Amino acid sequence: MAQTLPLFLLIICLLLIPSSQIQQEQEAFTTIVISQQGLDFLKNLLITQAISSIIPLKLPNITKTAKFPFMGNVHMLLSNITIYQLQVLDSYVKPGDSGIAIIASGTTCNLSMDWSYEYNTWLLPVEISDKGHASVQVEGMEVGLTLGLKNQEGTLKLSLMDCGCYVKDISIKLDGGASWLYQGMIDAFEEQIGSAVENAITKNLGEGILKLDLFLQSLPKEIPVDDDASINVTFVDNPSLSNSSVGFDINGLFTARKKVPIPMYYYENTLPSVLCTEPTKMLGISLDEAVFNSASALYYDAKFMQWIVDKIPDQSLLNTAGWRFIVPQLYKKYPNDDMNMNLSLSSPPILRISEHNLDAMVYADLIIDVLEADQVIPVACISLVIRGSGSVGIAGNNLVGSVKLNDFSMSSKWSNIGNLRMYLIQPLMWTLIQTVFVPHANAHLAKGFPLPIIHGFTVQNAEIIFSTSKITVCGDVAFRESLSIKQASGPL
């Protein structure tokens, strides 16, 4: 049976392009664009998360002293002031050159509080006091903020450029005590209650943006692929803001997780453009050929693209008796000996992406080994040029695929058993490729590799678009309701 390979070895074997000389790590080879629909989704998510994180919100006590005829100075106190409900009726998000503006209008909030008062009067030699409970409804509140977003050493830096909250109307209803008598007195607190609400909302928004900034800066700069490889998701340049989308450029290349001596390579940067056929899609991710090229170079140079096949569906082909009519001299020299196939790639595979096709070409050497006693004896080497076509799809947040064999060519590289009649061997090679190598490759391709999506978010309703040298994934995004933004700050 073929030796187990790293998770993405065969993805690379069949879907990648060759490497050049110098790697440029600070260039972008993957582009992510969040459309207006995606921004609306994130805005609604952030509003929901913000409300759940601040409610209940306790406000400072409010005191006031007023002088009334016949009563003298009356000392009034509002305590245990708590916002217990907050509703946003309408909101919008708008990116622009100066930042990303988020406006929430028609916002209402409900508060509960305790009220009390006390005073002394010359009419009576005792202190008079009363207390009760009150409910407050704030209507027509508007909240707005402008966010700045920039690249800071490969991570996203979020800053609060402007923030404000305006309370339009307040109604106060008292319960307990002689509340009907003191409603006018409490109404005098309207301005102070409104100011307290505005200050509390503004302060908590500022604190929330700081936490969100820390979350963004804590995002990992690499996504693990397997034990040997990661994807470099370092941000390159500042985000691009248009009037209906926000775009991010990331490096996107595969890098070694272990300290393996891998040469540096140059990848031509044709910065991907994201063109989704459906403008209603929330998210677009465009992957340049260089992303796959970097994976090819990593695994090839780390000596992972070679394996030994010792079990196949037709096991008779792994005995010299099965070759006696194909290569008689092999059977004559090693009668009834078991064999294996030692396959190794002679160069990194080639992937070409066009508007209609995904074509792959693999160059490999197949060494035929004879197993005699405790010895492994190489007897011949056949050079293969395998041409195939592939398809890709989305499974969860992984880009997955499959490949099929189109054709192949072969030639004898060397032989210790005389001349090989390639036309007789070719049908056997076709069988090996179709029944062993292609299914083995597709088993790994079905697992895929991760797209640069933050943990907790899932791509849905995805479509795959091919263009010249690029693969673009367009789709919607869902968020696991059981997660909070804080919990989502784990690995991508």
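Helix α2 comprises 19 residues and spans 27 Å between its first and last C-alpha atoms, close to the 27 Å expected at 1.5 Å a residue. The model under discussion is predicted. Within α2, the buried positions are Q36, G38, L39, K43, L45, I47, Q49, I51 and I54.

For N80, phi is near 50°, a positive value in a residue that is not a glycine. N80 belongs to strand β4, which covers residues 72-87. The relative accessibility of N80 is 38%, so this residue is classed as partly exposed, the category between the 20% and 50% limits. For D237, likewise not a glycine, phi is positive at about 65°. The setting of D237 is a loop, namely the one between β11 (229-232) and β12 (240-241). With a relative accessibility of 53%, D237 counts as exposed, because the threshold for that class is over 50%.

Strands of a sheet pair through backbone hydrogen bonds, in either a parallel or an antiparallel manner. The sheet considered here is open, consists of three strands in the order β10-β11-β14, and is paired in the antiparallel sense. Its edges are formed by β10 (222-224) and β14 (254-256), each of which pairs on one side only. From one strand to the next, the twist averages 40°.

The pairing of β11 with β14 is antiparallel and extends over three bridges. In this pairing, A229 has A256 of β14 as its bridge partner. Helix α5, formed by residues 289-301, packs on the sheet and touches both β11 and β14. The direction of α5 makes an angle of about 25° with that of β14. Strand β14 is therefore an edge strand, pairing on one side only under the requirement of at least two bridges between paired strands, and is also touched by helix α5.

Conventions: Residues are numbered from 1 along each chain as its sequence is written. This is a predicted model: local features need pLDDT of at least 70, side-chain atom pairs count only at pLDDT 80 or more; totals for chains, interfaces and linings use all residues. Side-chain values use heavy atoms; hydrogens and water are left out. Helices (H or I, at least four residues) and strands (E, at least two) are DSSP runs, numbered from the N terminus. Buried means under 20% relative accessible area, exposed over 50%, partly exposed in between (1.4 Å probe, protein chains only). The expected span of a helix is 1.5 Å times one less than its number of residues. Axes are lines fitted to C-alpha atoms, for helices over the stretch in contact, and angles run from 0 to 180 degrees between N-to-C directions. Contact means heavy atoms within 4.5 Å.
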